[in-house]
Structures are given as C-alpha cells and as structure tokens.
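Morning, everyone. Let me bring up the structure, and then I'll walk you through it.

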Amino acid sequence: MTAPTMTPYRSDAPPGRDGFAQLVRAEWTKFRTVRGWLIGTLIAALVTMGLGWFAGVGGSSSCSTGNGPARSGRSCAPTFTQGPGGEPVTDNFYFVRQPLAGNGSITVRVTSLTGQLPIMNNHLGNPNQQEQFRPGLQPWAKAGLIIKDGTAQGSAYAAIMVTGDHGVRFQSDYTQDTPGLPGAVSAASPRWLRLTRSGDTITGYDSADGTHWTQVGSARLNGLPKVAEAGLFATSPIYQSFTENFGGGSSGSEEPSTATGVFDQVGLSGSWPAGAWTGSYVGSGDYSPGIGSYRQSQGRFTVTGSGDIAPVVSGPSGPGGPVITIANLLIGTFAGLIALIVVATLFITAEYRRGLIRTTLAASPRRGRVLAAKAVVIGSASFVTGLVAAAGAVAVGEQIARSRQFIFPVSWATELRIVVGTAALIAVVAVLALAAGAMVRRSAAGVTLVIAIVVLPYFLAIIAALPDSVADWIVRLTPAAAFAVQQAVPAYPQVEAIYSPAGGYYPLPPWAGLLVLCGWAALALTAAIWLLRRRDA
Amino acid sequence: MPAALHAEWTKLRTVAGPAWLLAAVVTLTAAVSALTVQANRCPAGAVCAVDTTRLSLTGVQIGQAVVAVLAVLVISNEYSTGMIRVTLAAMPRRAVVLAAKAAVLSSLVLAAGVLAVAGSLLAGRLILPGHGFTPAHGFALLSPATPSVLRAAAGSVLYLALIALLSLGTATIVRDSAVAVGIVLGLLYLFPIVANVVGNASWHRHLEQIGPMTAGLAIQATTGLRSLPISPWAGLGVLAAWAAGALLVGGLLLRLRDA
C-alpha cells in the first residue's frame, strides 16, 4: 500500500499584483461603490455652486445705498469710477492746471501742508448737522504735482506729492506708489518736487534744497495725448471714525477732511500754451463734496482740496452700493467643505465601524501605505469636486451678479488662483478630515474635530465679536488661514482702511495661507499613520 | 413613560462619553466667553457700542457644537451598535422612546447650560470692569438681577436645550452620526456666514430671521433691540420651530421605518 502523495493546492489564477497603484485602485473602488459618499460629494458640489449663485443674486430685489432711495434692477449697480486698469478708483481732488503740450517739466517748492479734520459728533449721518472742522492732517493727505490725461475721473496720471505722514511719494495710475524723501514738510524744511514728461513717460524727482535732485520714480502712461493737463493738486481722504468693529460691521461714520498745500517758486519748462492757471475740482464724488479752492499771490499758490486719488479698497459693503468680490461667490465653500468633511471622515471611520479595516490591513499589512492610498483617493476626488464647484460658482455667479451688483474686476490670473486655490483648500481639508478620522476612529468625533478647527475659526474671526487683532492671529495660525487663497482685492498700503479678515483681507499672502493648512494636514496625517501602526485595529 | 425615562437615564449615565461631553460644554462655553471678553477693550474716551451681556455669552456659539454632538450621539450610537433593536423590542412604543430620550437629554443640557452660562457671565462680570467697561463709562456691572440680563441668560440656557432637541431630531432622521453632525453644524453656522456676504439688506435680514442660530441668539441681546433682525423671544421661537420640526419628522420616520 503506497501512501498517496499530497500535492499542496496551487491556484491557477495568476498572482495579483501588489504595489501602491493597486492599493489606490482598491481604495478608489471602495469610494466609488458607496452610494452615500457619491451623493455627499455631489451635494458638496451643488451647494457650493448654489450658494455662490445665491450670493450673486443677493443684491437684486431692493438695494438701497446708504440713505438714498431704494432702487431696483440694473440701476442697482453702483457707479464706480474705473481706473486705466478697470479697477474701481477714487479720483477727487482740487486741480490748479494748465495744458502741457508735448514734453516739458514743472518744478515747485512746497513749504507747508496743513489740514482740517471733521469733528465727529457721533451723529451718524444726520444731514441737518453742519460740518464742523478742527485742525489736523490725514496721514494720506496729499499735495503736489500731477500730470494727467485730461480732467475726466479715472484717467491716467502720474504725480509726485508730499503727504501727511508718509513723506514724499511718487504715485501713478492709482495703484502704483513709490516712497521718496521721508519726513513732514514745513517752512523750515521745505520739499522741492519736479515732474517731467518725455513722450509717454513721466518721471518724478524730489529734493530738500532745490539743487540736489533724486529720481523717485517714473511711470509710462500709455496713450497719453500730446496735450495733457498738468499742475498743482491737493486732496485729503475721507475721515473715518470707527467706534468698535464688532461682528464685522463697520459701525462708524465717514466725513470729508481737507488738506491745504502752499507752493512757491513754480518753474515751468517746455510748451505751456495757455499761460495762465485754472482751478477746478475734479470729480463731484457723492462721498466728498467738491471742497476745494486756490489762491495765487506773488508767485505763491495756496491749494485746498478734499477727496483722494487712490484705488477703492472697501470690502463687501463698500461705498456706493452692493459691491461683491469673487470671494463672495465662493461663500458656498463652507457648505461644500462640511459635506466633504463628512465623506472624508466616513471614508476611514466606516471601515472601523464595519470591521472592514481588519480585512484591509490583512490584505495590505503596511499600514502607512493604506492611509496614504486613502489620502490620494479622497484628496483627488475632493480636488476635482472642488474645482468643478468653484469654477461653476464663479463662472455662473459672475453672469448672474453682473447685471445686479458691481463685481470687483480682477485679472484672470487672480481668478485662476482663487478657483484652483479653493479646490486645493477643499482637497487638503478632506485629507485632514481623513487623518482626523483615522486618529479618533469615530465618525461624530472626527467630523466635529475638523469642523471645529476649519470652519469655527473662520466663523470666530469673521462673524463673532472678536477684535481685529485677535481675528488676525486666528486666520494666521489655524487651518482657516487657507481662506487667504480666496482674497480677491489686494490691500493697498497707500490707502488708509481697516484691512481685517471681516472685510476680506487676510494677514497672510494667499499661498502662504494654504501652506499653513497643508502643514496641519501633514502633521495630522503623520500622527494618524503613527497611531495606525502602533494600535491594534 | 417613567420606565422609559429611567432606561434612557441609565443608558446615558453608564457610558463615559456623555459626562465628558457635558463637562466640555461647560468648560468650552465659559472658556471661549472669558477669552472673548479678555480680548475686548474699551479705551478711555472712546465710544464703545458693545452689548456686554451678549459679549460675555459668546461662548454659547462654540459650546452649542458640543451640545449638538452629544445630542446626535444619544440616538445614532444606538444605530451604530445595533442597540436600537433591543431598545425598540423592550419599548415597542417608539414615540415614547424618542420622547424619553428628548426629556432626559434636554434636562441634562439644561443643567450643563446653567453652569456654562453662569460661568460666562461671571467671567464677564469679573473681567469687563478692568477693560474699560465700567459703570462710569455707561456699562453696568453684569448682574442676573437686571431683567434683560436675566432674560439673556435664561434664554441662552433654553437655546442650548433647543439646539440639543434639533440635533436629536436630525440624528433620528439620518441615523448616522457623521452625517447628522455635519447637517446640524451646517445649519447652525452657514446662515450667519452666508448672510454676511449678502449685500441686500432685506435678504440679509430674512436669512438671519430663519437661521436657527442667528434667530435663536437674538435672545442674548440686551441693547439695540430695535436693530435686531428678530425680537428676542420670537427668535427663540424660530429655533423652537426648527427643533419641533426635526423631532416631528424624526419621530414619524422612527415609526414608519424598520430600525
């Protein structure tokens, strides 16, 4: 009797491949075959777009501006002066001018810059109250020389000026600003200013003594006509008094201030055909009544003006009516984020709840790679969802909003940064949620944790009663810093304003903010992998 | 019903989670309130348009998130462990089960809420005078003897209980803890965030009138009542309607569906 030989069973099937790609494929299969998760992803995209469109409509039915009458329909769109780049600008100042035909230059000595500030009686828009003034100077009160493409508001210009607190500046086309000599101007220390035109190029010089000149800056004004307007100007921005900025509301009052510059030793070279000075106020400005005048005696000019020559920086409730930025159209990001946080957390916690995690880890014992594969899958799925949602919200929202509200124009590069940045933000938050879910292994705890560190800081910084200094730190340190990637309107240092998170201004540059979130996600993922390796599943 | 109440009380009492969460409600609410109060100052000579009562109760806006989690877990934990089938086998009258859960949960939250709100107001009373909010400056010392402060404090406690009921109802409807927490926190925080960017004044107002959190927290206002989107008690009524609606739908689904 011969013992039967037993051959061990060998499957005929070819051995399955392993490797990271297979792992990603396995996780992708899990993701796409759970109906609830797909529905959650779809909901994320839909609510993000829907709320964006809602924000786009948000000012249509009866938008009233300040204490003006309620208007409706197309006329709601506020009428902003637009600068050469299409950006909204303020262009109000008192202009003592002569035509300048072709090349030439103008030199002047400034011996004094003084001003008047309104006395704020906290009467908040009581029109019956007479304007009362006290001596004082706005930090960005300006007086100096300007060469401008006509007297129309929003036309191209280049100017060199003395300012209240910021020394000599050379500014052009509203957004450009270059510092010159520091220090305040007075009779004891006057400032000499010179502006020369050569073709389309305007160059500004300053000097403390009238003999040693330094070039401060130069600007090219494309399409400057042969005959431009040039001369002296003075202006002083709106004076804002804020009681306290609680809850993101600007509970303040705004009234005009004035600046007076005293000029002498006016020297002209080149072709100045008119031979005499004309004084007029540029712009009528619903915000600053055309305050301004000039006096000329024995070669001495005293020019007083009110207003500003600068970009408009106000946020959502800027002067003149409903103004929105592209960031407003992406407000639905929050709803989308919450939906995707739920999906991403469940992507791992559901495995724990059903016990599937043991099968997963038996099939792929290298646990770090499992979590990495999950992160790749949920990150890419969220990125695509976010990209579709953000692009849809912005593209359609802009169409909806265009006829109803004024959208701050931004360059296509900024628009692209905001849309792609939002998608990246959503993807990284999803990875963060996955990591949090892997750490706490419970759905409710994971979801709450991530919402608490992503959405609540934004809520606290922007809606709740925190002062701006605290809000600034919150959007620097917490994962909510990433919302900086949605900032649409740049903060201009040459415009005095409250650049707070509530107004849509973040302390960090866009990509740096996103990087803070990436840091949090990397930290959480590392901790999650460490815990996954260390603990029994 | 007493048996059902006793059963639910035993369930909550004998696991560690609810106790921790209730402790978190109290500490988080009081801590956030204290930090907010600490961060605000009214410099001498400045005009500060601050509702100090509301400021001292800021922590409720964060503490409510923990209340929501606790309330969601009360029912969704039963679904995730399968305990719900035992519960319903023992007490076949499903409406009674939900009512018992709501009663036990809301009394616990009310108790925790009293501590949380008292802690917040105490922090405000101790810190605010040192930050320029003095009686000489026009800010009376926070005291529950002031009718409006008492209304804000009692209302905040009720607010937390109503948030718990809204969360319980939502969790009964969706039966999954993660989804329920997502929905409740979304409902609470999205209204103020979206209203913030809607420029149209009347839309903004309507959003704040229907949002469970924006309407409900009107109960905390003691100054500037005219500029509120909704009057204090009506606001709390809106939140109560949300909670009642969620519980009603949840109760109905609990009866109609298999567990």
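First, the ground rules. This is a predicted model, in which local features need pLDDT of at least 70, side-chain atom pairs count only at pLDDT 80 or more, and totals for chains, interfaces and linings use all residues. Residues are numbered from 1 along each chain as its sequence is written, while chains are lettered from A and ligands numbered from 1 in the order in which they are written.

Confidence next. The predictor gives the complex an ipTM of 0.90 and a pTM of 0.85. Chain B has a mean pLDDT of 89, with 100% of its residues at 70 or more. pLDDT is the predictor's confidence in each residue, from 0 to 100.

Now chain A. Its secondary structure comes to 10 helices and 23 strands. These are DSSP runs, numbered from the N terminus: helices are H or I with at least four residues, strands are E with at least two. Of the 537 residues in chain A, 51% are buried. Buried means 20 or more other C-beta atoms within 10 Å of the residue's own; exposed means 12 or fewer, partly exposed is in between, and C-beta atoms are placed from the backbone.

Chain A is divided into domain 1 (20-59 + 324-459) and domain 2 (81-311). Those bounds come from an automatic or database domain assignment. The C-alpha centres of the two domains lie 48 Å apart.

Look at the strands. An open sheet of 3 strands in chain A runs in the order β3-β4-β21, with antiparallel pairing. Strands β3 (81-82) and β21 (309-311) of chain A are at the edges with a single partner strand each, so one side of each has no neighbour in the sheet. Pairing requires at least two bridges by DSSP. Strand β4 (residues 88-91) of chain A is joined to β21(A) by 3 bridges. One bridge partner of note: A:V89 sits with A:P311.

Then there is a hairpin. Strands β19 (residues 292-297) and β20 (residues 300-305) of chain A pair antiparallel over 6 bridges. Within that pairing, A:R295 stands opposite A:T302. The hairpin has 2 residues between its strands, and A:Q298 in the turn has a positive phi of about 50°.

On to the core. What touches the most other members of the largest nonpolar core? The answer is A:I341, A:V431, A:L432, A:L434 and A:A435, out of 251 residues. Such a core is a set of buried Ala, Val, Leu, Ile, Met, Phe, Trp, Tyr and Cys residues joined through C-beta atoms within 7 Å. Helix α7 (residues 412-440) of chain A gives the most, 19 residues. Domains 1 and 2 of chain A both give residues to this core, so it lies between them.

Next, A:V342, in helix α4 (residues 333-354) of chain A. Buried or exposed? A:V342 counts as buried because it has 31 C-beta neighbours inside 10 Å. Leaving out residues up to four places away in sequence, A:V342 touches A:G40, A:V447, B:A178, B:V179 and B:G182. Contact means C-beta atoms, placed from the backbone, within 7 Å.

Finally, the contact between chains. It takes 48 residues from chain A and 37 residues from chain B. On the chain B side, α8(B) supplies the largest share, 14 residues.

Key
Contact = placed C-beta atoms within 7 Å.
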